[in-house]
Amino acid sequence: TTFQDGGEEVEDGAVYNVTLKKVQIQQAANKGARWLGGEGDQLPPEHTVRQYETSKIRAIKAGTLEKLVENLLTAFGDADFSYISIFLATYRAFASPRAVLELLLDRFGNLETSSHGEVANLNSLESEMVLRAEIASVLRAWLDQCSEDFREPPDYMCLLKLLDYLKNNMPNSDMESRVQNLLKQFQNQEVEAVDGFCSTSSSDLVDGEELEISNPEEFSSFQDHVVAEQLTYMDVMLFRRVVPYHCLGSIWSQRDKKENKNLAPSVRATITQFNAVTKCVISTILGTRELKIQQRAKIIEKWIHIAHECRILKNFSSLRAIISALQSNSIYRLKTTWMCVSKDILLMYEELSEIFSDHDNYLTSRELLMKEATSKFANLDSSEKENQKKSQKRLQLQKNKGVMQGTVPYLGTFLTDLIMLDTALQDYVEGGLINFEKRRREFEVIAQIKLLQSSCNSYCLIPDQKFIQWFRRQRHLTEEESYKLSREAEAAADTNILSPKSQKSMVKRISTLFLGTDVFTPPKEQPLKSSPVGGSSGESTDSASVSSCEFNHSETEDVCMTPVSSPEDPLKKVSSCPLSSCSPDSSMSTPSSGVSSLPSFLLASSLDSGFIPARDSGSVASSAPRVLPVYNRQSEGSCIIRVSMHGLHASVYKSILITNQDRIPDVTQRALLKHNLEPDAVEDYELVQVISEDKELVFPRDANVFYGMNSHVNFDFILRKKA
């Protein structure tokens, strides 16, 4: 079979793409071969004669609503066999069910006054039977694929209209009884509100129950595979109820409008569940202040194991939710806790994270999803050897049960694709015709969702009410609460593991930074072997933890410092107080002062027994031979800038000291380190200074930041990935 482009055919109100399909219908021996007694299928090509048949396939490309509805009846005759499914899955983007039903029944389905070509010209009983069969075929497909279109409480006007049509034109048919049953089903069911789709709604709590922070012991009592199975059970129940047209870009992109607060409830429910899992992970790790480092690390390990069980169950929704939670800023920054996580589990975590790498438009997760969409079990061949043994053992247990598994996708991937398609392709083409080629492209994504929904019927999971009730009871931390608890946990960890000797070493390292040596040291740095400045040598740790301020992370990162009285007591008065409330040490004769926006690594020892002037104070104490760099002011070839990450956690900024020698790669690397990101990825980011709400300054690759920046506006920068 071969295909050839046949161009376009234009009719009144419609444009068709034409394809010529050439099919071989017969192969016979030529005259000489027949004389020799040969058979066609046993002879070489040069001794055979082939006969072909060419047929024309017409696929509507664009048209009016009337033409698109009429094409429902003629699509099979034009050999466009997928048209009905495509139309039913996407028509809500340009028409309502009532408009389509009225056109289908009143204009094209009225057997007495129909303007349908066959009936108008032949007016025969045979043509009426053909039309009746076409109408029945379309209605049957509509009820099979999109019965939710007829859920219009409390009147159910479309269903009643359809039922009336069937009574008049197809009395006592199977179709009529089917519509009657559907109407009774809708009328008997309680009208489902938006929260009705979500199994994690707090309204589902039993009377008297209240939301609570997770008890680590209670959470630890649930086995890993039980948690994964119950999360999968909840995800399956919600995903199977997703109405595919709710995912269309033209519909989902309108969800934030005030009048659309109830739009696409089935999609909102899956997103609510995804967020509930993410917040549950964070609250179990951070919700209990009294946890020790090792206990917190054990909870992280448990969630990684649960994520791995979700991978075995092919539940990519909860898998991604758990990974996203572990990669969130409040969890990712727990350096000391992560150091207590075992190497094997970290390796497992890295493998699971790689599934959702954003490389090449999430190609890895897309390929994996389509590969396992209809497979009976997960494919874990790519796992490392140590993890593969455990994975295969768990997988074999699943196989021994003889129960097939479905696949639960991360719905966000499909939503993104459909929004991109809606943005890129026009709704209407020349002449005001509906662009149906756009709908064909959208259906390619919708068809994948439907395929995965069908596969979810293979799951055989039983709800565990004990876990589900525990899951619903969890009080979720806000972003501000989780960040504050994260800082408290890390500060407590630093206090527990730092000895006084190592603290003095940290002050020495801070002093080195102050004197101009720009050093950024990862947590695992070896002991620093250099002459002490205001303290003895010893192990060096991350200086950012010396006096981490317990501020709300959405506020500024200002640090207020009290002058230090002597090198022997380097950490005597380092406080996290507002600028106005700072007071000098009693041994100092200088007036009260402070520094706005100094990051913690710039807290210096009393090398010169001086003080730091407040910004715009207008005076500098004579006892201070040197002025420290401050935010929003360039002085003596240095200054402090604030750098936030675009998209990831833009409300959290880091203060960075730059000099007149620093270029873009140096500053970018420092900013990545401060935000706990890989410093090797410098080439993937660009540094931008915010000039105003609608203006920004983008720096060339090797620019000098100090001389290139605009010094007349705030020194606020954004680090973002290059497009």
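Colleague: How much of the protein is buried?
Modeller: Buried residues make up 48% of the 723 residues. The model is predicted. A residue counts as buried when its relative accessible area is under 20%.

Colleague: What helices and strands does the protein have?
Modeller: There are 26 helices and 10 strands. Take contacts between residues at least 6 apart in sequence: 67% of them join residues at least 24 apart.

Colleague: What makes Gln230 buried?
Modeller: Its relative accessibility is 3%. The cut-off for buried is under 20%. Gln230 therefore counts as buried. This residue lies in helix α10, residues 224-240.

Colleague: Which residues does Gln230 touch, leaving out those up to four places away in sequence?
Modeller: Gln230 touches Ile462, Pro463, Asp464, Phe467 and Ile468.

Colleague: Which residues of α10 and α13 meet?
Modeller: From α10 come Asp224, His225, Val227, Ala228 and Leu231. They meet Lys302, Trp303, His305, Ile306, Glu309 and Cys310 of α13. By class, the contact has six nonpolar, two polar and three charged residues.

Colleague: How do you know that α2 and α3 are oblique too?
Modeller: Helix α2 spans residues 65-74, and helix α3 spans residues 83-90. Their axes cross at roughly 140 degrees and come within 9 Å. Roughly antiparallel would need an angle over 145, and roughly perpendicular ends at 115. The pair is therefore oblique. α2 passes α3 in a left-handed crossing.

Colleague: What makes the contact of α2 with α3?
Modeller: α2 supplies Leu68, Val69, Asn71 and Leu72. α3 supplies Tyr83, Ile84 and Phe87. Six of these residues are nonpolar, one is polar and none is charged.

Colleague: Why is α3 called mostly covered?
Modeller: Seven of its eight residues are buried. They are Tyr83, Ile84, Ile86, Phe87, Leu88, Ala89 and Thr90.

Colleague: Why is Ser85 called partly exposed?
Modeller: Ser85 is also found in α3. Its relative accessible area is 22%. Buried needs under 20%, and exposed needs over 50%. The value falls in between, so Ser85 is partly exposed.

Colleague: Which residues does Ser85 touch, again leaving out those up to four places away in sequence?
Modeller: Ser85 touches Gln145 and Phe443.

Colleague: How do you know that the span of α12 agrees with its number of residues?
Modeller: Helix α12, residues 265-286, has 22 residues. The expected span is 1.5 Å times one less than that number. For α12 this should give 32 Å. The end C-alpha atoms are 31 Å apart, which agrees.

Colleague: What makes α12 largely enclosed by the rest of the structure?
Modeller: Of the 22 residues of α12, 17 are buried. The helix is therefore largely enclosed by the rest of the structure.

Key:
Residues numbered from 1 in each chain as written. Predicted model: local features only at pLDDT ≥ 70, side-chain atom pairs only at ≥ 80, totals over all residues. Heavy atoms only, no water. Helix = DSSP H or I, 4+ residues; strand = E, 2+ residues; numbered from the N terminus. Buried < 20%, exposed > 50% of the residue type's maximum accessible area, 1.4 Å probe, protein only. Axes fitted to C-alpha atoms, helices over the stretch in contact; angles between N-to-C directions. Parallel < 35°, antiparallel > 145°, perpendicular 65-115°, else oblique. Left-handed = near helix turned anticlockwise from the far one by under 90°. Contact = heavy atoms within 4.5 Å. Nonpolar A, V, L, I, M, F, W, Y, C, P; charged D, E, K, R; others polar.
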